[in-house]
Amino acid sequence: FIAFSRAGVLRVARNRIFKASGHRRNSLVRFSSAETGMASEQSGSSPLSGKKVLIIAPVWPESTTTAAGLRTLSLTRMLRKVDAEVTVASPARDPRGAVDALEASGVKTARIQPNDPAFDEFITELRPDVTIFDRFTMEEMFGWRVAEHSPDCLRVLDTQDLHFLRHHRQMIVEANPADDAEAWKTISPQEQSTSINLRSEKVTREIASIHRSDLTLLVSPFEKSLLSLRFNIDESRLTLAPFFYDSFPETYADPNDRSVDFISIGNFRHPPNVDSVMWLKDHLWPAIRARLKDPSRHKLHIYGAFPPEQIMRLSDKETNFIVQGPAPCQYKALRSHRCLLAPLRYGAGIKGKISDSWSVGTPVLTTPVGAEGMRPEEWGLEEKCEFGGEVSTSVKKFAEEAARMVENTDYWKEMSKKAQDCGKIMFGAARGEERVLYEIGEALESMVDRRKNDWLQALLFDDFHRSTEFKSRYIELKQRFRSLEGKTV
């Protein structure tokens with residue numbers, strides 16, 4: 001494999017030694033334009049104006065099934081606002097019409113395949129200025145091809161969340177599923193860093209992908225601190241890019257407009273959401289009903305895309321635990337309920353269900369795991385706000401707060417106002433998008449200097465450490481030989 005790659009890839013590897021440009025940013029995000037020197041208007045003033053940006057995604061992004069898809073769409077809108085030429089490419093099929101929706105919004109699309117030399121022609125012809133890899137697996141599949149055939153392209157990894165962190169927490173919960181102690185713990189990045197197995201394959205693969213990239217987008221300040229503290233990744237290579245919302249209600253919510261009390265929502269292909277609903281059914285909903293003055297009057301609606309049979313069977317009219325399945329519009333569903341229940345026992349990143357809920361003024365009841373990355377104090381905001389709901393530390397407190405949320409109208413109004421304020425201040429598009437565009441543009445402009453002295457990335461591009469490329473080349477050759485032999489691939 002080394003001999004096979006010498007002609008092209010080693011030459012490229014030697015020419016792409018880079019490093020972060022030296023100056024470090026504060027670990028807390030500051031949103032003011034004055035501190036960053038950003039222009040107040042995005043369109044026409046961004047260094048990404050007129051640039052070609054390629055997003056390589058594992059599935060076609062759309063807004064109704066996953067928070068990750070919603071966030072990717074927000075990135076495409078952000079880039080289109082500054083007149084960047086955006087192309088989304090994916091190896092996935094498109095059963096839900098996402099491609100048509102993307103193209104209708106002015107985004108170009110392309111179907112690509114891993115381990116296929118046709119991608120080399122595609123990337124050479126496109127010549128993107130920036131390529132964003134949606135999760136580290138896409139960087140593993142296509143990053144080396146982008147590096148070889150478009151060496152002047154800024155390579156950006158979008159983690160969505162740190163997969164190794166979510167998996168680490170999932171293993172703890174699944175090892176003792178009856179124990180809910182982990183869900184109620186508030187843990188700091190420093191504490192979390194000591195418990196992670198650095199030899200885990202999931203850790204090494206994702207961290208290697210971060211080092212191969214010029215810039216990494218993160219959704220959570222907790223994860224940014226973790227990467228800096230535990231893995232010594234320079235903060236100038238890490239950028240916070242959470243969810244962004246263009247609009248919010250002009251007035252605060254009216255409880256009389258909320259027809260149902262409780263809602264839980266989340267894509268059921270995401271294991272933390274399945275665990276959350278099972279926990280609700282078996283433990284939390286019975287505890288909540290025991291605290292309510294008249295439990296027969298209060299319902300819990302469960303929404304989520306791709307519900308498995310085990311979830312659908314949980315629906316129980318006698319206890320008002322109603323599984324609704326997919327929500328045609330998550331915002332409309334959240335807007336018609338008084339309180340989002342998000343009792344997550346494990347997970348990572350920030351929670352799209354919570355930010356969606358805040359965007360329509362619906363307060364949230366969650367665990368410390370669910371609140372991680374969502375607390376205003378973690379973001380170093382200049383404009384202050386308080387968490388839009390409550391973070392409980394036990395089943396008893398969770399049930400008490402849930403009952404209070406629906407039985408005390410004045411309290412609900414206070415929490416709803418906090419929720420809407422949190423949404424505007426933490427995830428308003430105007431300030432957040434401006435900062436992300438600035439930092440990607442800065443990385444693009446300083447790319448040559450960033451790459452000159454980064455010995456670790458040079459090491460990862462050395463033949464000995466490029467197993468993902470060689471595995472891909474091996475599969476590619478095997479497919480060619482099978483095709484020549486007339487066999488079905």
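Modeller: Helices (H or I, at least four residues) and strands (E, at least two) are DSSP runs, numbered from the N terminus. This is a predicted model, in which local features need pLDDT of at least 70, side-chain atom pairs count only at pLDDT 80 or more, and totals for chains, interfaces and linings use all residues. Residues are numbered from 1 along each chain as its sequence is written, and side-chain values use heavy atoms, with hydrogens and water left out.

Colleague: What follows helix 3, and what is its phi?
Modeller: D83 follows helix 3, with a positive phi near 65 degrees.

Colleague: Changing topic, in what order do the strands of the open sheet run?
Modeller: The 6 strands follow the order 10-9-8-11-12-13, with parallel pairing. Two strands pair if DSSP finds at least two bridges between them.

Colleague: Which strands stand at the edges?
Modeller: Strand 10 (321-325) and strand 13 (389-391) do; each has a single partner strand, so one side of each lacks a neighbour in the sheet.

Colleague: And how many bridges join strand 8 and strand 11?
Modeller: Strand 8 (residues 260-265) and strand 11 (residues 337-342) pair over 3 bridges in the parallel sense. V260 has H337 of strand 11 as its bridge partner.
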